[in-house]
Amino acid sequence: MLKLKGVESGYDLLQVLWDVELEVDEGEFVAILGPNGAGKTTTLRTIAGYVRALKGSIEFNGKSIVGLEPHRVSRLGIGYVSESSNLFAGMSIHENLLVGAYTVKNKQLIASQVDLVFELFPRLHERRNQLAGTLSGGERKMLAIARGLMPSPSLLLVDEPSLGLAPIPTLAAFEALKQLSQRGTTILLVEQNVNTTLHLVDRAYVLEQGKVVLEGTGPQLLSNKDVQEAYLGI
Amino acid sequence: MVTTSTTPAASAAQRGPQRLGLIAAVVLIAVSIALPFVPPFTGQDWQRYLVGAALIAASAVAFDFTAGYIDIVNFGFAAFMGLGGYTSAILVNTYGISPWLGFPLGALTAGILGLLTGLLTLRLRGIYAAVMTWFVALALLGLARNLTDVTRGPLGLAVSPLLATNDNLPYYYVMLGILIATLVVLTLVIRSRVGLAFRAIGQNLQAARASGINPTVFLVANFTISCAFAGVFGVFYAHYYGILTPDVMGTSHTIEILAIAYIGGRGSLWGPAVIAFPMYIAVQLLKVQLSSQPALYLVIYGLLLILVMLYRPDGAAGVIRSLGHRLDRRPKSGAGPAGASATPTPGATA
Amino acid sequence: MTTATATNLKQVPLLRRYLNLTSAILVVAAAAMIVVSIQNPSLLVNTLATGGMWALMAGGLALVFGVMNIPSFVHGDLFMVGTLVALFVFTPIQSMIQDAPNDFVLKWLGPFAGMILAFILGAVIGVLMELLLFRQLRRRSREQWVMNTFLLTAGLSIMFENVAMMAFGNLPQGISRYWDVPPIDVLGVPVAMDRLVTFIVAMGTLAVFALFLQRSRTGRAMRAVSMDETGAQMAGIGLTRIYQLTLALSCGLAALAGAVLIWLTPFTPTVGASPLLIAWYVVILAGLGNVQGAVVGAFLVAMVQQLTGYYLALNWVDVLPTGIIILVLLFKPSGLFGSEVKGVWEQ
Ligand SMILES: Nc1ncnc2c1ncn2[C@@H]1O[C@H](COP(=O)(O)OP(=O)(O)OP(=O)(O)O)[C@@H](O)[C@H]1O
Ligand SMILES: [Mg+2]
């Protein structure tokens, strides 16, 4: 479904990604792991069109998406939930969801999608008229994911849903992602929380200094010596 | 003036361009001193243009001191000039003090108003300051129009001359002296540690704040200094032209200064000074030639401003600088004098 | 200030949030207006009519700042363009009306032609500005964007004004009245038809504008862009289209205001200077980028102007608001309605 080949990318003065190869198949739940500054966020931003790939190809359903503007990428069915959520602080939860469904023209479809994400995140339903700017950190993450789900993307890119969250909300966020995956959404997740993530996902890539250094299924990586040493503290 | 280290990007390692700049500055000053003896500048009309050019050059330099370094547009610059001018004119007329004493007094009032405006607006986003200075300018303009007892309103206030002569030449040298002093003082400030803080703030307010600089203090200081200089120029304006009307404070006067500052090149100080001479004189000639279309020169200012903003944000100074770098790099020996005489030509001929 | 409270009716939280200085000022203003309007009803009529137009100006200015971060200095010149369009469209219509005084459709609806065309031309100019200027600048660099766009619009403003001066001269050219009918009796006060229509057009346009921003998909997208561009792009909103729409809407509204108000402010090249200044007063007073606050603030400023002009003298009209703004900035630096939650239209 998503295929990155030899992708190099970065910012004005600094190249961050070097020859990244990555693949996500339909229905898969894949994670990117790695230390701070490895380029995980940059990878997602490059796929989503916020950072332009300098080299290499990015294909989605067989079509190249390199150089597309972010909103075009989004309209192809690639949802992106960023590290900082990028919520609309002055809008209510409900309105945030409505904006999330901007590309959906059918009102009924929007309503049923709202019901669906409220079912997934009952807490958002309770507070649907509260301003997004006044939500707690955990609620923000939930809203960010919920908003990303509104146009029913076929692929969801999620950047560190656990960032800044206490263990219990983190588990809730992971639980929601798991449910989503079981309902058939393809997910590419970026996480620091290596242990939990590897138990959750089908496959994972380990990114270090902008290069993919390891790749394998969850159990494979869990039993890998390097991973155990570097990330699991064993 | 003294050049390259005022470029944000310049590094101390570039000795060559630095020397080039110094030579260029000396040449330019020599040219500006000798200019009134070169035809056609020997005529009184032309010398009047020279005085006007030096005045607007100094104004643009002081304007650039805030606009180019802390990224605050003083949209009421002309009103601060007018305040200085009116202060001096009224004091001279009422108490018979010497017009020369008007300079510090005009600087004082304009500086104080600048300080108050700065204190009020500079802790807010930069655009507040731009718009508020505009408001303050319009309020001052309104006061000058309405307080007819003191200012005689639109009729204009007659002001006693600075020098006991009608000859433009001595006025030119006074104004040239003020211009050079302004450039030297402001360049020294910019090159000091304080100037470093200005630039840090202008480029990234948040980062400057994070690195422990208290931006408001520097912003207000910069703004106050620039306004005080505006007051000085206003005093010269009043005692040179001999009449003050509220129009001197108008937005279009500010825009003229602003256009020259940005076309000359923001954040360079010398760029506006160099470009002011050819531009101001060209505009005066245009005005004489096309007296049926008095608005045309403003259209040209507007167009140039837009083009500079879009395509050459560093203005004429940027163009000259890159020319200088190129000249400096090419011939290994003897680059200094040859390069220097070539560099300032755009400003010196005209 | 009936309109101010009407706008706030649905937003009880807003009122509660500002139950301090802001609401005190609003209450005092309302009281002052009531007292004054009992004494002199025409002041109320003028406040509502001009206030409505300033609201269109200020609302557009706030919108462009909120969505695109552009502090427009050229906004007043679109007002000027509006007066020009009205002049050129209505003058032939006027002679047609004189030729056929019994054609009621022409007589009653004819004047609207100029207003509608002014809106359209304003919108077109807005789109062109985005295409030719702001997009180019955005491509080059987004550094120091606010100041650069301010200067860009300042340069544009000089050009507009002086080209207009070269083309149409310096003398005022206006339309003394759109509707040549006797004043209409509104609750015992005779109100000229033009004033009444100005008020109705202002209220109608503001209502549509508000509904558009709050309820429509595109209006919501505009507000989304103003709050978080990245977030908006994630939702599939194309920034370019929103930018164009924003400028079209804002410039169109300014031109509309000019066309509607030409009976009060005849065309001169600098006729936009005062509306621009007022719009900026309002926007600073209300808090940058806050459209809702700008609408309320417009009526406040219109009232201050009317009161100053009536009790003091016309030439103080521009001086007094500066004093008030300085006071407001001293106590509430982010404006009367400014708050931490930034957005074009706060809930
Ligand atoms: N906008 C930017 N401009 C310049 N450099 C950037 C920018 N964003 C990130 N970088 C740099 O790119 C590198 C990779 O950053 P990235 O955000 O992709 O890392 P990450 O793997 O997501 O790290 P983390 O786990 O801390 O989120 C870092 O060195 C960072 O400093
Ligand atoms: Mg990251």
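## Salt bridges within chains

In this predicted model, E130(C) and R138(C) are both buried, where buried denotes under 20% relative accessible area, exposed over 50%, and partly exposed in between (1.4 Å probe, protein chains only). The two residues form a salt bridge whose closest N and O atoms are 2.9 Å apart; a salt bridge is defined as a side-chain nitrogen of Lys or Arg within 4 Å of a carboxyl oxygen of Asp or Glu. Over all chains, the structure holds 14 salt bridges. Side chains of opposite charge can pair when their charged atoms come close.

In chain B, D247(B) pairs with R145(B) in a salt bridge, with 3.8 Å between the closest N and O atoms. D247(B) lies in the loop between β2 (243-244) and α11 (251-264) of chain B, and R145(B) in helix α5 (residues 126-146), so the pair ties together parts that are 102 residues apart in sequence. Helices (H or I, at least four residues) and strands (E, at least two) are DSSP runs, numbered from the N terminus. D247(B) is exposed, with a relative accessible area of 53%, whereas R145(B) is partly exposed at 39% relative accessibility. In chain A, a network of salt bridges links E28(A), R203(A) and E215(A).

## Basis of the values

Residues are numbered from 1 along each chain as its sequence is written, and chains are lettered from A and ligands numbered from 1 in the order in which they are written. Because this is a predicted model, local features need pLDDT of at least 70 and side-chain atom pairs count only at pLDDT 80 or more, while totals for chains, interfaces and linings use all residues; side-chain values use heavy atoms, with hydrogens and water left out.

## The interface of chains C and B

Of the 2 pairs of chains that touch, chains B and C have the most contacts, a contact being heavy atoms within 4.5 Å. Here 44 residues of chain C are in contact with 41 residues of chain B. The area buried between them is about 3800 Å², of which carbon and sulfur atoms give 79%; buried area is the accessible area (1.4 Å probe) that two parts lose on being put together, summed over both. M147(C), L151(C) and M166(C) lose the most area in chain C to chain B, together 17% of what that side buries.

Between chain C and chain B there are 0 salt bridges. The elements of chain C that give two or more residues to the side touching chain B are α6 (104-140), α7 (145-168), α12 (273-286) and α14 (319-331). The largest share of that side, 15 residues, comes from α7(C).

## The interface of chains C and A

No contact joins chain A and chain B, whose closest C-alpha atoms lie 15 Å apart. Chain A does touch chain C: 22 residues of chain C and 24 residues of chain A take part in the contact. The buried area is about 2100 Å², with carbon and sulfur atoms giving 59%. R217(C), R220(C) and M234(C) supply 30% of the area that chain C buries against chain A, more than any other three residues.

Across this interface there are 2 salt bridges. One of the pairs joins the side chains of E95(A) and R223(C) (2.3 Å, N to O), crossing from helix α3 of chain A to helix α9 of chain C. Both E95(A) and R223(C) are buried.

A polar atom of the S226(C) side chain lies 2.7 Å from the backbone oxygen of R223(C). The C-alpha atoms of S226(C) and M68(C) are separated by 7.1 Å, although the residues are 158 apart along the chain.

In chain B, T66(B) lies in helix α2 (residues 44-67) and is buried, at 0% relative accessibility. Leaving aside neighbours within four places in sequence, its contacts are D71(B), I72(B), N74(B), N222(B), F223(B) and S226(B).

## The magnesium site in chain A

The magnesium ion (ligand 2) has T41(A) (OG1) and E83(A) (OE) as protein donors, 1.8 to 2.5 Å from the ion. Donors are N, O and S atoms within 2.8 Å of the metal (3.2 Å for Na, K and Ca); water is not among the atoms, so sites may look incomplete. T41(A) lies in helix α1 (residues 40-48) and E83(A) in the loop between β6 (78-81) and α3 (93-100), 42 residues apart. E83(A) is partly exposed, with a relative accessible area of 28%.

Terms used: A polar contact is a pair of N or O atoms within 3.5 Å; within protein, one must be able to donate a hydrogen and the other to accept it, and residues adjacent in sequence count only if both atoms are side-chain atoms.
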